[in-house]
Amino acid sequence: MIIALTDYARLARAGWTLSRHDALIPREFAYLLPPPIRVVGAISRIGAKDKEKRPGIRMANALESLGPAYVKLGQFMATRPDIVGFELANDLGRLQDKMPPFSDEEARAEIESAFGKPTDALFSTFSKPLAAASIAQAHKATLADGRTVAVKILRPQIERKAKQEFRAFGRAARAIRKISPTARRMEPEKFIETLKAAAAIELDLRMEAGAASELANNLQSEPDVRIPEVVWPLSARRVLTIEWIEGTPLGDIEALDARGINRKKLARLVIDVFLKQALQMGFFHADMHQGNLIVDEEGRLALVDFGIMGRLSEDTRRVFAEIIYGFITRNYQRTAEVHFQAGYVGNGHSIDAFAQALRAVGEPLQGRNAAQVDMSRVLQQLFDVTALFDMHLRPELVLLQRTMVTVEGVARLLDPEIDMWAAATPVVKQAIQDAIGPKAHAEKLKTATTKAMEIAPHIPTYVEAMGKAAQIIAEDPEGFKSRDNEKIEAALEKQNRKTRGALWFVGVAAIILAGAIFYAL
């Protein structure tokens with residue numbers, strides 16, 4: 001009872017703050033709600049400020065004033081334009097993750113708690129906080145061997161505070177679900193659970209360290225890309241120590257020009273690196289805004305801050321590569337077929353009609369550069385099409401698409417004339433070649449053959465066991481029925497499955513081999 005009252009008090013405080021910014025029931029969206037809710041919204045707006053601003057900006061201002069958990073809520077909403085719309089998502093995407101820093105004493109206490117030694121025993125120098133965000137703050141330090149590092153430290157008690165806020169969010173989501181069918185369709189409880197899971201990863205800095213290490217391994221063959229090295233002995237759940245990268249943020253155009261950086265080349269590199277991560281490696285930096293991208297002193301593109309990452313399965317990568325390539329080559333029929341084959345579009349819809357809808361999205365893009373195309377509007381059109389055809393968007397694809405919009409914005413900032421399709425074509429073609437080309441068929445053949453070879457020697461044993469079982473039944477069918485026939489039947493079925501599995505693998509190997517030969521010819 002006390003917990004429930006506490007949650008309601010938290011929600012009441014949040015509701016009051018949102019209403020002061022006309023962000024609780026924004027006037028622009030009130031017409032979508034039942035009359036009683038519209039009346040409540042009208043009352044809540046009395047005396048509200050920032051009325052002349054867009055609803056997304058008003059909401060961002062309100063969430064900033066509510067604290068860390070609400071900032072994260074807004075940032076996560078910014079990654080779901082399929083739910084909140086692109087204008088609102090873009091406004092929330094500008095949400096500032098800047099908070100007052102916690103004290104130097106508290107930061108040092110966290111380090112000592114994590115490693116059992118005073119800060120001065122671990123670092124030669126340790127600066128005051130350079131930046132403070134909703135979850136953690138960063139310090140610049142020097143190791144005993146002279147290396148300069150960044151030390152990221154979680155806010156004191158942030159886990160407990162996040163738990164309390166998310167519990168209140170969950171209570172609000174359950175209430176919202178009861179308001180209208182539209183609210184139920186948006187699955188607010190599932191939305192909060194997803195947000196909670198994402199925050200849990202951010203609240204364990206070992207996960208960020210692992211992400212940085214994996215991405216560095218994936219991109220080690222890219223000479224123009226740099227990922228900071230994790231200092232593992234000085235990294236723990238609440239403290240992350242990582243290589244400090246000196247350089248110029250991509251958002252500082254004047255500084256880039258002063259250094260003589262080729263911005264057109266850099267723009268293509270940003271697109272190239274993102275697509276290689278997503279389509280070829282299946283693990284990508286999902287927060288590639290200009291603040292997380294730096295040109296280091298050697299002119300390499302450095303990626304930092306690995307709190308938000310995306311992961312795609314091999315099948316999803318292949319499907320997405322084919323979809324992009326279909327748009328590039330204007331093969332909308334094939335693009336539509338890929339959607340249906342992947343199960344993205346519900347049964348009962350026409351492939352031809354879906355191809356026609358995709359054409360309406362894709363044709364206006366052909367032959368136009370970034371200055372003439374707003375990628376966020378294109379994706380909004382795509383989301384509208386998917387709604388029309390009952391297409392259920394998968395979270396990892398929405399995150400990928402949102403990151404694409406961010407990357408497009410960075411590339412456009414660097415080179416307003418960039419042709420996004422031309423820049424994407426080489427990587428996408430290679431991804432398709434890797435997924436469905438002769439090399440891919442050869443790999444599948446190798447895997448299937450290996451499995452078949454492992455099972456093949458056992459086939460005579462399985463067949464012999466089946467023969468003996470059949471002989472026992474034939475010689476004494478009545479006696480078989482009177483025995484523990486459930487156990488025998490189970491054993492028989494197990495042998496059957498093994499035999500069928502062996503034969504199936506042999507068959508698959510033969511089919512893939514034939515396919516590979518046919519493809520090569």
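The model is predicted, so to speak of local features requires pLDDT of at least 70, side-chain atom pairs count only at pLDDT 80 or more, and totals for chains, interfaces and linings use all residues. Residues are numbered from 1 along each chain as its sequence is written, and side-chain values use heavy atoms, with hydrogens and water left out.

Let's begin with charge pairs. A salt bridge here is a side-chain nitrogen of Lys or Arg within 4 Å of a carboxyl oxygen of Asp or Glu, and the count by this rule is 26. One of them links D91 to R54, with 2.7 Å between the closest N and O atoms. D91 sits in helix α6 (residues 86–93) and R54 in the loop between α2 (35–44) and α3 (55–66), so this pair ties together parts 37 residues apart in sequence. Helices (H or I, at least four residues) and strands (E, at least two) are DSSP runs, numbered from the N terminus.

How accessible are these two partners? Buried means under 20% relative accessible area, exposed over 50%, and partly exposed in between (1.4 Å probe, protein chains only). D91 is buried at 4%, while R54 is partly exposed at 36%.

Another salt bridge joins K276 and E222, whose closest N and O atoms are 3.2 Å apart. K276 belongs to helix α14 (residues 263–281) and E222 to the loop between α12 (205–218) and β5 (225–226), so parts 54 residues apart in sequence are tied together. Both K276 and E222 are buried. Salt bridges with shared partners also connect R226, E243, D296, E298 and R300 into one network.

Now to the sheet. It is open, with 4 strands in the order β5-β10-β9-β7 and mixed pairing; two strands pair if DSSP finds at least two bridges between them. β5 and β7 (247–249) are at the edges with a single partner strand each, so one side of each has no neighbour in the sheet. β5 runs parallel to β10 (residues 301–303), joined by 2 bridges, and R226 has A302 as its bridge partner in β10. Helix α14 lies across β5, β9 (293–296) and β10.

Finally, look at helix α16 (residues 332–341), where Y332, T335, A336, V338, H339 and F340 are buried. These buried residues pack against α15 (314–329) and α17 (351–362), contact meaning heavy atoms within 4.5 Å. Just after α16, G343 takes a positive phi of about 80 degrees.

Conventions
Axes fitted to C-alpha atoms, helices over the stretch in contact; angles between N-to-C directions.
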